[in-house]
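Have a look at the structure first, then read on.

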Amino acid sequence: MPELGRAALAVTLGLVLYALVAGTAAAALRRRRLAASAQNALVAAFGTTLVAAAVLLTALVRHDFSFTYVATHTSRDLPTGYTISAFWGGQAGSLLLWLLVLTGYAALAVLLNRRASREVIAWTVPVLAGVAVFFAWLLVAVASPFATQAAPPDGAGLNPSLQNPYMIAHPPLLYLGYVGLTVPFAFAMGSLLAGRTDERWIVATRRWTLIAWTALGIGQLLGAHWAYVEVGWGGYYAWDPVENAALMPWLAATAYLHSVMIQEKRGMLRVWNVVLVSLAFALSLFGTFLTRSGVVTSIHSFTQSSIGPWFLGFIVVVVAFATALTFYRLPLLRVKTRLESLVSREAAFLYNNLLLVALCLTVLWGVAWPILSELVRGEAVVVGRPYYDFFLRVFGLPLLLLMGIGPLVAWRRASLRGLVRMFLWPAGAALVVGVLLLALGAGSSIPGLIAYTFSAFVLGTIVLEFVRGTRARQALSGERWPRALSALIGRNRRRYGGYIVHAAIVLLAIGIAGSSAYDTVREARLVPGQTLAIERYTLAYRGLDERQAPNATEVRARFDVAKGGRQLGTVEAGKNAYTAERQVSNEVGIRSDALTGEDLFVIAEQIDPNGSVYVRVFVKPLVNLIWLAGLVFLLGSLVALWPDAAEQRRLAVRYREVGAEVAR
Amino acid sequence: VTLALVLAGVIAAAAVVVVALPFLREPAPPSGADLLDDLDPLARQQLELAEARDRALAALKELELDHRMGKVSDADYRALVGPLRREAAETLRALEPRAAAGEPAPPQVRPAR
C-alpha cells in the first residue's frame, strides 16, 4: 500500500503547513478558535504520520520488495528484529522516524500545555509546525520511503554492522534526543514571539530539555557500547563525526540545564539561556545533517546527496530566525541583576557553562574543519584523536573538578574561610586517593591520575551533600535516616537527581580514564595449541569453529582463558560473512569481570585457511563502569524529571495573583 | 480505486474534521469571546514582581537549609541573610500598594473562554 503511505505523508504536510500558517495568524491576530484549530492540526499530523509509519513497518515485516526502501535495506533471511530496525537503517526511514517523533512530541506538548499560558503555546505551535513542514516536505518531495519498483526476488540486506541488538534501541533513543530539542526551542521562540519572558517558559523548556538530554545521553552510551561490541576495533568512542554529532547538542543542553538554574535563582543569563536552547537545537539539526547527508565521508557525496543542501538551508534559516528574534527581544531579556562575586555558586555554574560551550565548539570545529577545508581548498584534512583528546583534557578535567566545587559554594558569594571549611574533607580524601594511586603506579598517565583524584573529590562532595542534607532533615523532623533521606530527595528532586547524575559522570570519567589511559594490548599470530599472555591472563588458542546462521556464515576462533592460573572458561572471536549483503564483519570476544569492572577483549583480526589466527587482545581496566554510569545517569535523570508538585503550585498561585490562568 | 486510496481519502477527511472542530463546536461565539488570553502590561509587571518575590523567598529558604547543613558558615550566613531579607521585603512592598489600596483586580486578562 505505498499509495496510502504517500497520501498519509501528503496529508501530514498539509496539516503542518496549515498549523504553521493558521497558527501564526491566530497568534498575531489573537484568534482563539483559529489557534485551537492549528493545535488540532498538529495533533492530527501525529496521527497521519503514524499511519505512514505503520505502512512502512508493514511493508518491512511482509518483505514487500516492491517498496524500494524495503528492497535496499532488508532481505528475506534477515531476522525479524533487524527487519523492524531497518525502519531507521536508511535515510528515508530515518527521516520518517524524525517526523514521527517530532509530531508525537508536538502533540504531547500541545495537549499538556493548551490550557496553560495560551499566549505562549499559540506562538509555540507555528514554530513546531515550521520544523515539521521541513521534514514532511523532505519526505514528500525529496526522499520518500514509499518509492516503488518491480519487486526483486530478494532484498539487498541490511548493513552487517547494523545487525546488532543495540541498533534496535540506539537510533530511536538518539532521535528522541535530537528531535526532543525541538520542543524547548519552540517554547523559547514561542515565548519570545509572545513577549513573555517570565518563569513559565523556563519550566516548559527545562523539562523538555531534560527529557531530550536524557534520551540523547542514554542513546550515546548505547551507541558507544554498540561500537565496543560490534565495530571491533577495541574502543567505544572514536571521535567520529557522526558520534560527535550527538555529543555536541548534548553538551549544549548540559550547559543550558545548568545555566537555567541561575535564571531561576537569580533571574540572570536570560539571553544566554535562549542562545543555548537555540544552539542545542541547531546542533541537533547539524547532527542529523552530518549523519544523513553523507557529507562527512566525502565532500563529493554532499553534492550528490539529495537532502544535504536542504538541511544546510534549513539550518541557516533556523539560526537566522533565532538570532533575529533574540536581538529583537533583547530589551525584554535584559536584567539588572549582576554577578556579585566570582566565588559563588552562580559563578561556578558560569565557569561550567564556559567550559561546556568551549568543549562543544571545539568538537564542532573538529567536525567542520575537514568539511570546510575540502570545500575551500579541495583537499581533505583529518582532525584526529590527538586533537579531541587534548581538548577533552583541557576542558573536561576542570569541568570534573567544578562538579565537586559548584554544589558546595554558596549562592551570591562565599568567604575564603567558609570555602576552606567546606572543602577540607573532600579535598583531603582526594589527595589521599591521589597519593595512594601514585604509589600503586597510576602515575604512568598524568591525565589519568588527575581524573581519578578529581573523581574522588567529586564523589566525596556528593556523599557529603547527601549525609549533611539527611542530618539536617533529621534534626528538623526527628525522622530516622532512611525516611529523612527519601524526604530530602523527594523535596529537592532536581538537586539530588543532579547529584546522582554527577555521580554517573564520575563513574564515566573513571571508566574512560581506566580503560584508555591504563589499558594493555598485545598482538600475535597463533596456531592451535599456542598461547598468548597478557597481564595476568593466558589465552590458549584451541582452533576454529564454523557454523551457519540464518543470514550469515560464522567463523569463530576459540580460546581457553585463565587468570592467575585459574581457568575462567572460553572466549570466542571471529568473523561473520553475510550472504545477501556480501560483507564480512568482525565479531569480538569479551570476558567481563563483574568484581573489578575489567574486560578481556579479543579481536580476531585475520583468520587464515590453515587455521592460524592473528589476534589483538586488550585488557581494559574499569571499562564496565562506563556502562554502569548509564544506569546511574538514567536513575538521576528520572529523579530530576519527576514532576515537582510544589513548583506547579507555586506557579499556579503566582499566576492567580495577577489574575492569569493557572499555568502547568 | 484501490483500498489504499479509499483509506487515504478517509484520513484526509478525518484530518479536515479535526482541524475544523473548534469552528464546528462554536460557529458563532459572542463578540470578544474568540480572543486569546493576553496579559496587559500592568499584569506582566506584577508577574515579574511576584517572580522576584518568590526568588528572594526561595533564596532565603535555601540559605537557611545550607546553613543548617553546615555549607554556609555563621559569618557568611549573617552577611547574606540581611540583603536577602531586604530584597524579599522590597518586592513584597512593591506588590502591596494595590492590595493595600483595596483596588479590585484589574482586567489583566482579556476575555477568553
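## Ground rules

This is a predicted model, so local features need pLDDT of at least 70 and side-chain atom pairs count only at pLDDT 80 or more, while totals for chains, interfaces and linings use all residues. Residues are numbered from 1 along each chain as its sequence is written, chains are lettered from A and ligands numbered from 1 in the order in which they are written, and side-chain values use heavy atoms, with hydrogens and water left out.

## A strand pair in chain A

A:Asp545 and A:Arg558 meet through their side chains in a salt bridge, 3.0 Å from N to O. (A salt bridge here is a side-chain nitrogen of Lys or Arg within 4 Å of a carboxyl oxygen of Asp or Glu.) A:Asp545 sits in strand β3 (residues 537-548) of chain A and A:Arg558 in strand β4 (residues 552-563) of chain A, so the pair ties together parts that are 13 residues apart in sequence. Helices (H or I, at least four residues) and strands (E, at least two) are DSSP runs, numbered from the N terminus.

How accessible are the two partners? A:Asp545 is partly exposed at a relative accessible area of 24%, and A:Arg558 also counts as partly exposed, at 26%.

## Two nonpolar cores

A nonpolar core is a set of buried Ala, Val, Leu, Ile, Met, Phe, Trp, Tyr and Cys residues joined through side-chain atoms within 4.5 Å. The largest one has 153 residues, and those touching the most other members are A:Leu42, A:Leu96, A:Trp98, A:Phe135, A:Met189, A:Leu285 and A:Phe311. A second, separate core of 36 residues includes A:Leu397, A:Met403, A:Ala414 and A:Ala509.

Zoom in on A:Phe311: setting aside residues up to four places away in sequence, this side touches A:Leu95, A:Phe134, A:Phe135, A:Leu138, A:Leu285, A:Thr288 and A:Phe289. Contact means heavy atoms within 4.5 Å.

## Where A meets B

Now for the interface. 64 residues of chain A are in contact with 53 residues of chain B. Together the chains bury about 5100 Å², with 56% of it on carbon and sulfur atoms; buried area is the accessible area (1.4 Å probe) that two parts lose on being put together, summed over both. Three arginines stand out: A:Arg30, A:Arg32 and A:Arg33 supply 18% of the area that chain A buries against chain B, more than any other three residues.

Between chain A and chain B there are 18 residue pairs in polar contact, both at pLDDT 80 or more. (A polar contact is a pair of N or O atoms within 3.5 Å; within protein, one must be able to donate a hydrogen and the other to accept it, and residues adjacent in sequence count only if both atoms are side-chain atoms.) On the side of chain A that touches chain B, α2(A) gives the most, with 11 residues. By class, that side has 30 nonpolar, 10 polar and 24 charged residues. Here Ala, Val, Leu, Ile, Met, Phe, Trp, Tyr, Cys and Pro count as nonpolar, Asp, Glu, Lys and Arg as charged, and the others, Gly among them, as polar.

## A charged network

A:Arg345 lies in helix α15 (residues 345-377) of chain A and B:Asp66 in helix α2 (residues 41-69) of chain B, so the pair joins two chains. Both A:Arg345 and B:Asp66 are buried.

B:Asp66 also meets B:Lys71 in a salt bridge, at 3.8 Å from N to O, and B:Lys71 is buried too. Through shared partners, salt bridges join A:Lys265, A:Arg345, A:Glu465, A:Arg495, B:Glu62, B:Asp66 and B:Lys71 into one network.

Chain B has 3 helices and 0 strands, and 40% of its 113 residues count as buried.

Back in chain A, A:Asn164 lies in the loop between α6 and α7 (166-180) and is buried, with a relative accessible area of 5%. The side chain of A:Asn164 makes a polar contact with that of A:Glu230 at 3.0 Å. A:Gly384, in the loop between α15 and α16 (385-405) of chain A, is partly exposed at 25%. The C-alpha atoms of A:Gly384 and A:Trp239 are 7.8 Å apart, though the two are 145 residues apart along the chain.

Methods:
Buried means under 20% relative accessible area, exposed over 50%, partly exposed in between (1.4 Å probe, protein chains only).
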